[in-house]
Amino acid sequence: MGWAEVFNETNMVSFILLFFRFAALFIAVPIFSHKNIPMNIKASIAFFFTIVFYASMPELQIDINMPNILLAILSELVFGLAIGVVLLLAYNVITFAGGMISFMMGFSMASAIDPQSGVSMPIISQFLSLMALMVLLELDLHHWMLMFIDNSLSSIPLGGFLMTEDLFNYIIFASSKMFLVGLMIAFPIIALSWLADVIFGMLMKTMPQFNLLVIGFPIKIMVAFGVLIATFTATMLILKTEMLEAFNALEMFF
């Protein structure tokens with residue numbers, strides 16, 4: 001096979017569309033989209049995977065012209081972003097719960113830049129987010145996503161992805177579930193913090209010399225940390241369950 005046949009118009013468009021499918025993966029999917037990974041490294045890895053998976057790619061099924069190519073590139077970007085939204089909604093139950101826990105502990109102002117998302121978030125959310133990232137690596141989510149992309153090549157032709165009503169409905173359902181599961185994770189600390197507030201209020205009525213700022217808040221923080229440590233394993237198991245459910249939901253893409 002000559003170079004002219006290898007670098008013909010069809011092969012070049014196929015390669016570009018496959019590259020955008022992997023590039024979209026590095027834009028939105030947890031682990032791959034980590035802000036500490038430079039963009040040139042992400043692009044290089046996407047280019048490498050494009051070369052590796054190019055041999056298993058089926059024939060291009062679109063007419064080669066500029067409008068079709070642009071629509072196909074947009075379709076590939078939407079495909080990757082849709083995958084990222086589904087997985088991020090499951091992942092963000094941790095950061096949402098961490099925000100509520102930080103508020104109840106009085107750590108709302110103690111914020112730091114989250115290396116995963118690149119935005120400022122409460123310190124408890126950042127801690128839980130980093131631990132959740134370790135859970136995703138333990139689950140081999142990065143390997144699963146590569147296998148998913150490999151399977152998608154035979155089921156979803158390049159440039160042929162379309163958002164469906166079932167996918168829209170699932171995203172709406174997952175969004176509401178994120179708040180519910182996040183509240184469930186944070187509820188033990190919220191409940192004990194409210195109980196501590198009631199007890200401190202009673203103490204201040206019976207003992208006016210009781211200084212809530214000096215004594216009450218440190219006790220409240222210690223109790224919250226104790227509950228956080230006690231429920232940490234259960235929290236990570238909940239995250240694991242949510243991520244597995246979200247990954248299984250990716251079957252609706254086919």
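Contact here means heavy atoms within 4.5 Å, and the legends below describe close-up views of a predicted model.

**Figure 1. The segment after helix 9, seen at Phe 253, which lies in that segment.**
Not counting residues up to four places away in sequence, Phe 253 touches Phe 79, Ala 82, Ile 83, Val 86, Phe 148, Ile 156, Phe 161 and Leu 167. Phe 253 has a relative accessible area of 7% and is therefore buried, the limit for that class being under 20%. Computed along the chain in residues, Phe 253 and Leu 162 are 91 apart in sequence, yet their C-alpha atoms lie 8.8 Å from one another in space.

**Figure 2. The whole chain, with its 9 helices and 2 strands.**
Along the sequence these elements follow the pattern α-α-α-α-β-β-α-α-α-α-α. Of the 254 residues in the protein, 41% are buried. Among the contacts with a separation of 6 or more, 80% are made by residues 24 or more positions apart.

**Figure 3. The largest cavity, with a volume of about 90 Å³.**
A search of the whole structure finds 1 cavity of 30 Å³ or more. The lining of the largest cavity is formed by Val 86, Leu 89, Ala 90, Val 93, Tyr 170, Phe 173, Ala 174, Lys 177, Met 178, Glu 242, Glu 245 and Ala 246. Two or more residues of this lining come from each of helix 4 (66–105), helix 7 and helix 9 (232–249), and helix 7 gives the most, with 5 residues. Divided by class, the lining of the largest cavity has 9 nonpolar, no polar and 3 charged residues.

**Figure 4. The packing of helix 6 (residues 141–155) with helix 9, at an angle of about 5°.**
The axes of the two helices are 12 Å apart. Helix 6 and helix 9 are therefore roughly parallel to each other, a description that applies to angles under 35 degrees. On the side of helix 6 the contact is made by Leu 141, Trp 144, Met 145 and Phe 148, and on the side of helix 9 by Met 243, Leu 244 and Phe 247. By class, this contact of helix 6 with helix 9 has 7 nonpolar, no polar and no charged residues.

**Figure 5. Thr 235, a residue of helix 9.**
With a relative accessible area of 6%, Thr 235 is buried. When residues up to four places away in sequence are not counted, Thr 235 touches Ile 94 and Ile 185.

**Figure 6. Ser 193, a residue of helix 7 (residues 165–206).**
Ser 193 is buried, since its relative accessible area is 3%. Leaving aside neighbours within four places in sequence, Ser 193 is in contact with Met 104 and Lys 220.

**Figure 7. Val 227, placed in helix 8 (residues 212–230).**
The relative accessibility of Val 227 is 12%, so that Val 227 counts as buried. Apart from residues up to four places away in sequence, which are not counted, Val 227 touches Pro 188, Ile 189 and Leu 192. Val 227 and Ala 186 are 41 residues apart in sequence, and the distance from C-alpha to C-alpha is 9.9 Å.

**Figure 8. Two partly exposed residues, Ile 45 and Pro 58.**
Ile 45 is found in helix 3 (residues 39–53), whereas Pro 58 has its place in the loop between helix 3 and helix 4. Ile 45 has a relative accessible area of 31% and is therefore partly exposed; Pro 58, at 34% relative accessibility, also counts as partly exposed. The C-alpha atoms of Ile 45 and Phe 19 are separated by 10.0 Å, although the two residues are 26 apart along the chain. For Pro 58 and Leu 158, which are 100 residues apart along the chain, the separation of the C-alpha atoms is 8.7 Å.

Notes. Residues numbered from 1 in each chain as written. Predicted model: local features only at pLDDT ≥ 70, side-chain atom pairs only at ≥ 80, totals over all residues. Heavy atoms only, no water. Helix = DSSP H or I, 4+ residues; strand = E, 2+ residues; numbered from the N terminus. Buried < 20%, exposed > 50% of the residue type's maximum accessible area, 1.4 Å probe, protein only. 1 Å grid on protein atoms, 1.4 Å probe; cavity = no way out; pocket = protein on both sides within 12 Å on 5 of 7 lines; lining within 4 Å. Points joined across faces, edges and corners; volume = space filled by probe spheres on them. Nonpolar A, V, L, I, M, F, W, Y, C, P; charged D, E, K, R; others polar. Axes fitted to C-alpha atoms, helices over the stretch in contact; angles between N-to-C directions. Parallel < 35°, antiparallel > 145°, perpendicular 65-115°, else oblique.
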